[in-house]
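Here is a short report on the fold of one chain.

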Amino acid sequence: MKHYGVFDIIGPIMVGPSSSHTAGAARLGLFARHLCGENVKKAVFYMHGSFAETYAGHGTDKALLAGIQGIRYDDEQLKQAYELAEKNGIEVSFLPADLGEVHPNTVRMELTTESGRSFTMTGSSIGGGSVCITEIDGVAVQFSGERPILATRHMDEPGVIAGITAILYAYRINIGNMQVNRSADSHTACMYMELDGELPETLKGALERVYGVQRALLLDPADMN
């Protein structure tokens, strides 16, 4: 049986008012910002269930908007999320949506980055500041946000994934789960992994030297907590 401490029950230290509607939402936005790897210039948030009904009153909109700007849930700047977005030239909209049989505190984010690249992520705030990420760029995933995430864009050729996993093996890093999505032209693919353990500082460089890897992003949950 799992034993809970007082901070598991009352949630994280944060800018309020709600751990699920504010802290969790900010973490989802922050995950999206780190995974897309660039500053965001346009954001459309599709709000589902309870998020759609109460987001303004609970500060969910400010939390999500703060997160995609790299602002943590415990940062007082969260309250100025709209002002900062305007200053940074970020176009933003919040739309109610039915996202299907998902957690009531779910949002789908469609982001456009500075370079014009599109990025999507769907996630849920499941209570106490905890989150669950269920989709990244059209790929179904099941990430808790409590373990490191590796995202790669690579050439869709034989041996590239083997090269990536060989590096992880050399660093003695275990793969918790993995999803791969091929592009429509079959020239490139995106891969998402949830990893176990700590990430050495030299890991990113080693992954980027693998033949065929065009981009590697490592997301350490310590940066989100």
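Which residue in S10 is the bridge partner of Ile149? The partner is Leu219.

This is a predicted model: local features need pLDDT of at least 70, side-chain atom pairs count only at pLDDT 80 or more, and totals for chains, interfaces and linings use all residues. Residues are numbered from 1 along each chain as its sequence is written, and side-chain values use heavy atoms, with hydrogens and water left out.

**Overall content**

The chain holds 7 helices and 10 strands. Helices (H or I, at least four residues) and strands (E, at least two) are DSSP runs, numbered from the N terminus. Of the 225 residues, 45% are buried (under 20% relative accessible area, with a 1.4 Å probe and protein chains only). The accessible surface is about 11000 Å² by the Shrake-Rupley method with a 1.4 Å probe. Carbon and sulfur atoms account for 51% of that surface. Among contacts (heavy atoms within 4.5 Å) with a separation of 6 or more, 68% link residues 24 or more positions apart.

**The sheet of 4 strands**

This sheet is open, with the order S8-S9-S7-S10 and antiparallel pairing. Two strands pair if DSSP finds at least two bridges between them. S8 (175-182) and S10 (213-219) are the edge strands; each has a single partner strand, so one side of each lacks a neighbour in the sheet. Neighbouring strands are turned by 15° against each other on average, direction ignored. Axes are lines fitted to C-alpha atoms, for helices over the stretch in contact, and angles run from 0 to 180 degrees between N-to-C directions. S7 (residues 149-155) and S10 run antiparallel and are joined by 6 bridges. Helix H6 (residues 160-170) lies across S7, S8, S9 (188-195) and S10, at about 145° to S7.

**The sheet of 6 strands**

This sheet is also open, but its pairing is mixed, in the order S2-S1-S3-S4-S5-S6. S2 (91-96) and S6 (139-143) form its edges, each pairing on one side only. The twist averages 20° from one strand to the next. In S2, Phe94 is the bridge partner of Phe45. H4 packs on this sheet, touching S1, S2 and S3 (106-113), and makes about 145° with S1. Of the 8 residues in H4 (residues 60-67), 7 are buried, including Asp61, Leu64 and Leu65.

The bridged pairs compare as follows.

| Strand pair | Bridges | Direction |
|---|---|---|
| S7 and S10 | 6 bridges | antiparallel |
| S1 (residues 40-48) and S2 | 6 bridges | parallel |

Notes
Buried means under 20% relative accessible area, exposed over 50%, partly exposed in between (1.4 Å probe, protein chains only).
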